[in-house]
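Please keep both in view as you go through it.

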Amino acid sequence: MEWLQLIGICLLASMIVVIVKPMNPGIAGLLCTAFGVMLVGALLPDVWRFIEYIHRFLTDMGLEGEYYGILFKAMGIVLVTQLAEQICSDLGAQSIAERVEMCGRLAMLSMAVPLFIDLTRMTIGILR
């Protein structure tokens, strides 16, 4: 789906939510959630193309195994965390949205530290 079409759908969804919210805030929150999930679903083919591109790059560099899995997991964490944080915000639960964001950051950090250590070891090995 073209990015301009997606932006148009988002604008239309926003107008619908603005109209529905004064009448029924709960339904408006559910509509925000549904539109958000549909948007992520529409973007998944583009995400897969990006993942395939990165996989080819890592394969060419001879690093596809462990690093591909880490990158794939990191992308999933980012997408799921962002979607959950925005849904919580749309539903008016800002404090929970902030906790979701913190959980996503901690998950990314838990993946980044072992990767950082491996890359540091490789760099030191090359320098010696």
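**Notes on the predicted model**

1. The chain exposes about 9300 Å², and carbon and sulfur atoms supply 73% of that area; accessible areas come from the Shrake-Rupley method with a 1.4 Å probe, and for residues only the protein chains shown count as cover. This is a predicted model, in which local features need pLDDT of at least 70 and side-chain atom pairs count only at pLDDT 80 or more, whereas totals for chains, interfaces and linings use all residues. Residues are numbered from 1 along each chain as its sequence is written, and side-chain values use heavy atoms, with hydrogens and water left out.

2. As to secondary structure, the chain has four helices and zero strands, where helices (H or I, at least four residues) and strands (E, at least two) are DSSP runs numbered from the N terminus. Along the sequence this reads as the pattern α-α-α-α. The radius of gyration of the chain is 19 Å, well over the 14 Å that the globule rule gives for 128 residues, so the chain is more spread out than a compact globule; this radius is taken over C-alpha atoms, and the rule is 2.2 Å times the number of residues to the power 0.38. Taken along the principal axes, the box that the C-alpha atoms fill is roughly 70 × 35 × 15 Å.

3. Of the contacts in the chain with a separation of 6 or more, 52% are between residues 24 or more positions apart, a contact being heavy atoms within 4.5 Å.

4. What span should helix H1 have, at 1.5 Å a residue? Its 18 residues (residues 3–20) should span 26 Å, and the end C-alpha atoms are 26 Å apart, which agrees; the expected span is 1.5 Å times one less than the number of residues in the helix. The buried residues of H1 are Leu-6, Ala-13, Val-17 and Val-20. They cover an arc of only 65° around the axis, which puts them on the same side of H1, the arc being that of the directions from the helix axis to the C-beta atoms. These buried residues pack against helix H2 (25–61), while on the other side of H1 the residues Leu-4, Leu-11, Val-18 and Ile-19 are exposed.

5. Ile-7 is found in helix H1 and, at 41% relative accessibility, counts as partly exposed; its C-alpha atom is separated by 9.6 Å from that of Leu-39, which lies 32 residues apart from Ile-7 along the chain. Gly-36, which has its place in helix H2, is buried with a relative accessible area of 18%, and it is 23 residues from Ala-13 in sequence but 9.5 Å from Ala-13 in space, C-alpha to C-alpha.

6. Thr-33 also has its place in helix H2, and its relative accessibility of 18% counts as buried. Leaving aside neighbours within four places in sequence, Thr-33 is in contact with Ile-87 and Leu-91.

7. The cysteines deserve a separate check. The structure holds zero disulfides, a disulfide being a pair of cysteine sulfur atoms within 2.5 Å. Cys-32 is in no disulfide, and the nearest cysteine sulfur, that of Cys-10, is 11 Å away; Cys-32 is buried, with a relative accessible area of 19%. Cys-88 is likewise in no disulfide, the nearest cysteine sulfur being that of Cys-103 at 10 Å, and at 16% relative accessibility Cys-88 counts as buried.

8. Helix H4 (residues 94–127) has 34 residues, which at 1.5 Å a residue should span 50 Å; the end C-alpha atoms are 48 Å apart, which agrees. Its buried residues are Ala-97, Gly-104 and Met-111. Ala-107 lies in helix H4 as well but is partly exposed, with a relative accessible area of 24%, and although Ala-107 and Thr-81 are 26 residues apart in sequence, they are 9.7 Å apart in space, C-alpha to C-alpha.

Terms used
Buried < 20%, exposed > 50% of the residue type's maximum accessible area, 1.4 Å probe, protein only.
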